[in-house]
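Colleague: Hi! Could you walk me through this one? I have a few quick questions.
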Amino acid sequence: MSERGPILIPILGDQLCRSLSSLDGVEPDDAVLLLMELDEETGYVRHHKAKIAFILAAMRHHAGDMRSRGWTVDYVKLDDPDNSGSFSGEVARAVERHAPSRIRVTEAGEWRVRAMLEDWEEKFGIPVEICPDARFLCDHREFGNWAEGRKQLRMEYFYREMRRKTGLLMDGDDPEGGKWNYDRDNRKPADPDLFLPKPIAFRPDETTRAVLDLVAERFADHPGSLDHFRFAVTHEEALRARRHFLDECLARFGDYQDAMLTGEPFLYHSLLSPYLNVGLLDPLDLCREAEKKYRDGEAPLNAVEGFIRQIIGWREYVRGIYWREGPDYAERNFLGAARDLPDFYYSGETDMHCLSEAIGQTLDHAYAHHIQRLMITGTFGLLAGIDPHQLHIWYLEVYADAYEWIELPNTLGMSQFADGGLLASKPYAASGNYINKMSDYCGHCRYDVKARTGEDACPFNALYWDFLARNEDKLRGNRRLAMPYRTWEKKAKGEKIALRNSARAFLESLD
Ligand code: FAD
Ligand code: DLZ
Ligand code: SF4
């Protein structure tokens, strides 16, 4: 240990990575790592119980793992009576305990925490170095350079840059197979008879069981259940989850990426987002393993390209948008939507089977796949005119993988069009027809997906036309909506009135 005191390295709950940038070039003997379980972090929104349990269990295991690698780890538990409850409060106490010469920390994943870190140098009177987060391919400056001067920030062009940069699925200067994107092959509905792999589940050990007890007691009023807790909480378990996905699911990931089936929350999805987001898995390594499956002839190109695009494309791109747009991105509300979030988002109790399935599994597993988030809970919120900020808080609470940098652009931008089209070229509005095509939900529903008006009609149908009519002044100029607006115009006056009355009656029933 240096005579001037150790380097204090706070490690935030989503930085559980053995090769974190703040550890780079530091010898274990010269540093104290600080991990903190905090009221402020467990309480800034009402996180799903399983999300809190996953993060705390992963933090405790990571602390043990780093100790076994020779690091000195100072770990503050949630129920420590002296725990001040905040990052800054706990770093202040650690500064007292260890008299560090300096602080080194990897940048935070959201504006709220970034502001805290930026305060530390003045607060503690010692040098504070904030290191870029090297877990991402594209840093803030590179994204800024890419975005500079572009009229539209389309993910597809950004993604091509990332393909070139990583060499993933490249054939010299060209994309493997001649096309950059095989999404057209990836829209098959699922058949209920499909043979589906079982998701891998990890049995909680003693450490995790202690966390589950703590969470059950302390967060009883938070949404969600702990009964189905199955998360990997160590690096080794996360690698096993990765292997399971690569061997059992990846080959059919593309075909059924957009499909939805009653009672089948997971299909061929990877379920790896919680591990990527806290640092238990490395995104680039995962993509290289997926590419290997293609090169070895074990998974088709449409599946592997589709999967890699989600990670080096969408995941990097939404992070770029989040940091580029600034802290007030969260306040945008282009369509002026103001309805309160219906209570059934926290209970799943609604006659709309698609929503009760997507929300029910969310409360059980802290998981829903992308199309459920986008085209079921998201599209309903959009059509019903729910306040995008309330939806943002809901998504941030209920998913085990939810952190603002990734959740906010997906919710506010992609799903709610609340940024006016910065992220999505048109709103993801759809009638019941889309859900009927991509799922078996409508066959189990008390509503009739073919009917447009009346008490038994699928609410998505009238809401879809009402959404277009209600927002005509803001959306009419969108070229991608020209067709639906032409169809709306051609409708007889009586039909238009019936659709809008049906939508109004339904919306009133929500209040
Ligand atoms: P898979 O379908 O197996 O996809 C593989 C990986 O690709 C994911 O693990 C994820 O890392 C990445 N990915 C896929 N889609 C996206 C996307 N649109 N943006 C960024 N990365 C993507 N993802 C989060 O990780 N955290 C969130 O808080 C989050 N909130 C969302 C909110 C809304 C409204 C929507 C529409 C999407 C959100 N997503 C979020 C993106 C996506 O739904 C999840 O990443 C995915 O469902 C996680 O499940 P999976 O690991 O099985 O993903
Ligand atoms: C999400 C979360 C939760 C629920 N609890 C903690 C915690 O107790 N301690 C901690 O260090 N981090 C936690 N996190 C993750 C942080 O909220 C996350 O690191 C910040 O949002 C910055 O990205
Ligand atoms: Fe959802 Fe409508 Fe289908 Fe019912 S009929 S499951 S409400 S889309």
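This is a predicted model: local features need pLDDT of at least 70, side-chain atom pairs count only at pLDDT 80 or more; totals for chains, interfaces and linings use all residues.

Colleague: Where is the place of Gln 372?
Modeller: Gln 372 sits in helix α13.

Colleague: And which residues is Gln 372 in contact with, leaving aside its neighbours within four places in sequence?
Modeller: They are Met 260, Pro 265, Ala 358, Gln 361, Thr 377, Gly 378 and Tyr 441.

Colleague: What does His 369 touch, not counting residues up to four places away in sequence?
Modeller: His 369 touches Gln 257, Ala 259, Met 260, Pro 265, Leu 267, His 269 and Gln 361. Met 260, Pro 265 and Gln 361 are also among the contacts of Gln 372.

Colleague: Changing topic: how many aromatic pairs does a search of the whole structure find?
Modeller: The search finds 30 aromatic pairs. One of them is Trp 111 with Tyr 322: the ring centres are 6.4 Å apart and the planes are at 45°, so that pair is tilted. Trp 111 lies in helix α4 (residues 111-124) and Tyr 322 in helix α11 (residues 301-325), so the pair ties together parts that are 211 residues apart in sequence.

Colleague: Is Tyr 322 buried or exposed?
Modeller: Tyr 322 is buried, as its relative accessible area is 0%.

Colleague: What about the rings of Phe 266 and Tyr 367?
Modeller: Their centres are 5.6 Å apart and their planes are at 45°, so that pair is tilted. Phe 266 lies in the loop between α8 and α9 (273-278), while Tyr 367 lies in the loop between α12 (353-365) and α13 (370-384), so the pair links parts 101 residues apart in sequence. Both Phe 266 and Tyr 367 are buried.

Colleague: And which residues do ring pairs link into a cluster?
Modeller: That cluster holds Phe 344, Tyr 345, Phe 380, Trp 394, Tyr 395, Tyr 399, Phe 460 and Phe 506.

Colleague: Now helices. Why is α15 described as largely enclosed?
Modeller: Helix α15 (residues 404-415) has 11 of its 12 residues buried, so the rest of the structure largely encloses it. The cover over its buried residues includes α4, α9, α11, α13 and α14 (388-398). Just after α15, Phe 417 takes a positive phi of about 55°.

Colleague: Last one: at what angle do α8 and α10 pack?
Modeller: Helix α8 (residues 235-253) and helix α10 (residues 283-295) pack at about 35°, with their axes 11 Å apart, and the crossing is right-handed. Arg 242, Arg 243, Leu 246, Asp 247 and Leu 250 in α8 meet Asp 285, Leu 286, Glu 289, Ala 290 and Lys 293 in α10. By class, that contact has 4 nonpolar, 6 charged and no polar residues.

How values were computed: Residues are numbered from 1 along each chain as its sequence is written. Chains are lettered from A and ligands numbered from 1 in the order in which they are written. Side-chain values use heavy atoms; hydrogens and water are left out. Axes are lines fitted to C-alpha atoms, for helices over the stretch in contact, and angles run from 0 to 180 degrees between N-to-C directions. Helices (H or I, at least four residues) and strands (E, at least two) are DSSP runs, numbered from the N terminus. A crossing is left-handed if the near helix is turned anticlockwise from the far one by less than a right angle, and right-handed if clockwise. Contact means heavy atoms within 4.5 Å. Ala, Val, Leu, Ile, Met, Phe, Trp, Tyr, Cys and Pro count as nonpolar, Asp, Glu, Lys and Arg as charged, and the others, Gly among them, as polar. Rings of Phe, Tyr and Trp (its six-membered ring) pair if their centres lie within 6.5 Å; planes under 30 degrees apart count as stacked, over 60 as edge-to-face and the rest as tilted. Buried means under 20% relative accessible area, exposed over 50%, partly exposed in between (1.4 Å probe, protein chains only).
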